[in-house]
Every structure is written in structure tokens, then in C-alpha cells.
Amino acid sequence: MPPARAPSSRPLLVVTLLLVAALWYLSGSPPASRAAPLKDAATAERKRAAVPSQPALVNQAAHKAAPPPLDDDRSALSDRRSTVLTQRIVAVGDIHGDLPALTSILRRAGLVDLKGQWTGGDTILVQTGDIVDRGPDTIALYRFFQSLRPQAEKAGGALVSLLGNHDIMQTLGDWRYVTKEDIASFGGERNRREAFSTGWIGAEFRANYSITARVPYLVSSLPHDLAAPVLPSTPRGSSDRRFLGDPSYPASASPPNPFLHAAASFVHGGITPEYLDSLHSSHPINDMNRIGRELLFSLLDVPGGVPLSLPRSAPPEQREFWSERGPMWNRDWAIEDEDEICERVERVCEALKVRRLVMGHTPQFEGILSRCDGKVLLIDTGISRAYGGAHSSLSLTYTLTPASSLPLADALALSLVSLSDPDPEATLRGEGELARTWVETEVVEALYTRGRESETLGKWERVVVVPE
Ligand SMILES: *[C@@H]1O[C@H](CO)[C@@H](O)[C@H](O)[C@H]1NC(C)=O
């Protein structure tokens, strides 16, 4: 496992800066208690928006530093500008017929309670496929996700369900890995075949399962004036439908849009640049989902439901999709040398406009593997008791903090203001470029339920200035 990326000199730096800030404070800045009392609603909003679990370094002191006293006409602007925006995305890899393992993992991630009811609020949960095979809990697992989906949506979150090669294999009639208990639980092969074709699982696949998703780091709660010039339009609508296409940005991007890649890509196997080239497409995410859908629908429509291999009529793009080069089966990012892959990984991130590629399919029994500085995250850890690997989920926490609500020490640490400034505090809360400056953090963690400690796989922090 790669070590966590916590730089060792950081604590010392922070202590020094806090001392500097304390000295500055003692020399006459206004006490925080003089701040105008906040409206209840605004306070609640602030509480909701604050990152509770794993705040990035810069946010840890945020709640202590009340904003300075405000003139009435500036308070609306300032309220907006002091809002910390945050989004959490959790991903779970191959489950292979083990419901108890899944529910304990989701409890560990704070997404469900003991009864399996959604407690994840506006978290986006992504499951990267291979729910079925090797273990017996097929019915229970698909039913569980079916019941979780509307609960997540109602709470403002989402469940994004992606198909794995094993899920599609059921509709292909490739049952090599199906257990006897699984077949018995359906009341025999015939019923099982029907459930996966014209029955309820087939219907769920058609309606609510996809091939690949691009999940933006900020989905809702965007201030409109921030959203307008730089963020992609996120279509409203049901659940994962929002995440199945390529982003559409406003045309002109000069200076470059700092949030262009603020998203992560999810798929079962892996997306290579060579596969993307073969698509000849300017909308690769749309196209991968379209090809997968067309393949799935053609399989679901075969009378009797057992084609046993790709139908003879399958067009070349479906054959390429279902080959070892395609997104359902590819293993390049898991098995090739890191030296060989990172430049290719970069090309895919560029094409899909994402920062990271998350996928399952190739088990890493020890735990989630981060490669190419966190650009590749392999999350199949052999969860099922058929394997006995680590019980894991990947947690990605994104935070955007306006510069104006940073504690001075952090603003100094990030060189946003300088001590040689006559009034650094006023500069920080003032207009101009700092009013359009945000600190963006991404924390990527591997959470485990037992057997090993959870760990931070990486923390990234950037200063972004939104173009005017
Ligand atoms: C798909 O998900 C939606 C939203 O949760 C739900 O209302 C619908 O019943 C699901 N479709 C099927 C076929 O299960």
C-alpha cells in the first residue's frame, strides 16, 4: 500500500502560523464575540455545510473564526461567501452474493442503519457492479439496492448502480459461477432465468443500471453566481441518470475553468485510452452507456433468455465493448506496471474530464489500492465470503471553502495574504480576486469494517480562482 500523503513538516508549519496569528490577534483584532449574531437559518445552513468527519487541514479552525462584523448591505454577500460547500461520494466494489458483508460495509461508511435504511443524507453511493455470482444472496442484494435507491434520492443523495461483467453474464446465460443455493432461492433455473430477463431484475437493469458514471464533486447547493460561469450543468432528475453523460460546459474557457475536472469516473473493469480512441466519439461517456444499454437490451429481449454468447447480430462496437479491451473486462490499470500506465491514465482523465478513475473487477485482497498518485483507485477487495478479502469502501470527500471564511493563519499558510499587508484580515474579507478565491480539498479514504485500520489514501489541496 502507498503511504498516506501527509507531509511531515505540516504540523510544525501550522503551529508556527497559529502562533503568528495569535500574536496578531492579541495585538488588537476585534474579538469574535463582537460579530453580529447570525440568523438561525444561516447558522443551521453553516452547520449543515460544515464537514463533520474528516475536515481538511484548512477547515479545522473554520467554525472558531466567526466572520467579522458586517454592514447590513454586505451581509447577504458575505453569508454566501462564507458557506463551505461539501460533497461525499462512497464507492463499493464487487460484492459477489454476500449481503451481510455489504450491509456492514455501508454501516461503517455511515450510509445505512442497523435495519439497512439509508442514513447517508446527500451522499452519493456508487456500486461498481458484480453483485451476483459466487455467493447465494442474489435476490436479497438486488432487492436491497432496489429499496435503498428511493430512500437515498429522497434524502438528496443518490445510488448509482453500475453493471459488472458478472451481472451481464446472467442475462447472457453464462451461469458458470452461480451457486446451487442461488438457483434454489429463485425456486429453480427457469424462474431465475425469467427474473433476469422479463422479470424484476431485468426490469431493474433496464431502468436503473448503467455502465459508467461521471460523478461531479459538487452536485447541489451551488451558489448560482459560482455555478454560472464555470460549472457544468448537472441535469436534475432521478438518481443516477444525472451522472451518465459527458459534462457540457459553457464554450469559452479562458482562463481555463478550474473545476473542469472536478469529478470522478466509475466503471466496473477499466477504461483505456485505446478503447476511447476506438469509439471515435466526442461524447465517450454517453457512448459507453449507449453501447452497453443496446447490448443489454438485445440480451434481455432474446426469447427464452439464453443466448450463451453474444448474439451473431451483435455489431462490432458491442463486440469491442464486451472484449478484454472494453470497459467491462479490462484489467490494465490493475495488472500493468505503474511506470507503464500513469501517462495513459492521464489521457483517460483528460478525455472524461475527471481527476480519478475508480473501478472494481480485479481483486486486491489486502485492501483498496491507489496507483498513479490516486488517479487509479482499485476497489474490488474480494469482499464476498467466497474470497474472504478486506471489507472495504472508498470514501471521497470534496470541500470548497471560500477564502473569505478561512482563518487568517490558513490564509497566510496558503500565501493568500501576507503579514506585510497593512490589514491582512480586511484584505482577506475584501473584494477583488480574493472574493473569487476558494480552497478546494479532496480527501480519499479507504474504510474497513474489520481486520485492518481505515486509512487516508491521499489529501489534495488547491487554491482556485474563479474567472470573472
Ligand atoms: C428505478 O428507480 C426508481 C427510483 O428509485 C424507482 O422508482 C423505480 O421503481 C426503479 N425501477 C425499477 C424497474 O425497479
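These are my notebook entries on what I looked up in this predicted model.

**Ground rules**

I'm working from a predicted model, so I number residues from 1 along each chain as its sequence is written, and I use heavy atoms for side-chain values, with hydrogens and water left out. Local features need pLDDT of at least 70 and side-chain atom pairs count only at pLDDT 80 or more, while totals for chains, interfaces and linings use all residues.

**Entry 1: the whole chain**

I started with the overall tally: the protein chain has 17 helices and 12 strands. Both are DSSP runs numbered from the N terminus, helices being H or I with at least four residues and strands being E with at least two. Of the 468 residues, 54% count as buried. Buried here is under 20% relative accessible area, exposed is over 50%, and partly exposed is in between (1.4 Å probe, protein chains only).

I noted an accessible surface of about 20600 Å², with 55% of it belonging to carbon and sulfur atoms. Those areas come from the Shrake-Rupley method with a 1.4 Å probe, and for residues only the protein chains shown count as cover. Then contacts, meaning heavy atoms within 4.5 Å: among those in the chain with a separation of 6 or more, 75% are between residues 24 or more positions apart.

**Entry 2: the cores**

Which residues touch the most other members of the largest nonpolar core? I got Leu106, Leu125, Trp322, Leu352 and Leu357, in a core of 66 residues. Helix α12 (residues 284–300) gives the most to this core, with 7 residues. Apart from it there is another core of 36 residues, including Phe259, Tyr398, Trp438 and Val464. A nonpolar core is a set of buried Ala, Val, Leu, Ile, Met, Phe, Trp, Tyr and Cys residues joined through side-chain atoms within 4.5 Å.

I picked Leu125 and listed what it touches, not counting residues up to four places away in sequence: Val90, Val92, Leu106, Leu111, Trp118, Leu148, Ala158, Leu159 and Val160.

**Entry 3: helix α4**

Leu106 also turned up when I listed the buried residues of α4, together with Ala101, Leu102, Thr103, Ser104 and Ile105. What do they pack against? I found β1, β2, α5 and β10 (392–402). At the start of α4, a side-chain oxygen of Asp98 comes to within 3.1 Å of the backbone nitrogen of Ala101. Just after the helix, Gly110 has a positive phi of about 75 degrees.

His96 sits in the loop between β1 (85–92) and α4 (99–108). Buried or exposed? I have His96 down as buried because its relative accessibility is 3%. A polar atom of the His96 side chain is 2.8 Å from the backbone oxygen of Val132. That makes the polar contact cut-off, a pair of N or O atoms within 3.5 Å; within protein, one must be able to donate a hydrogen and the other to accept it, and residues adjacent in sequence count only if both atoms are side-chain atoms. Beyond four places in sequence, the residues in contact with His96 include Asp130, Asp133, His166, Ser384 and Tyr387.

I followed up Asp133, which is in the loop between β2 (124–127) and α5. Its phi is near 80 degrees, a positive value in a residue other than glycine. Asp133 counts as buried, at 0% relative accessibility.

I compared notes with Lys353, in the loop between α15 (338–352) and β7 (356–359). Phi of Lys353 is near 55 degrees, also positive in a non-glycine residue. Lys353 is partly exposed, with a relative accessible area of 28%.

**Entry 4: around the ligand**

For ligand oxygens, I noted a polar side-chain atom of Gln146 at 3.3 Å, one of Glu153 at 3.5 Å and one of Asn208 at 2.4 Å. Taken alone the ligand exposes 360 Å², and the protein buries 60% of that.
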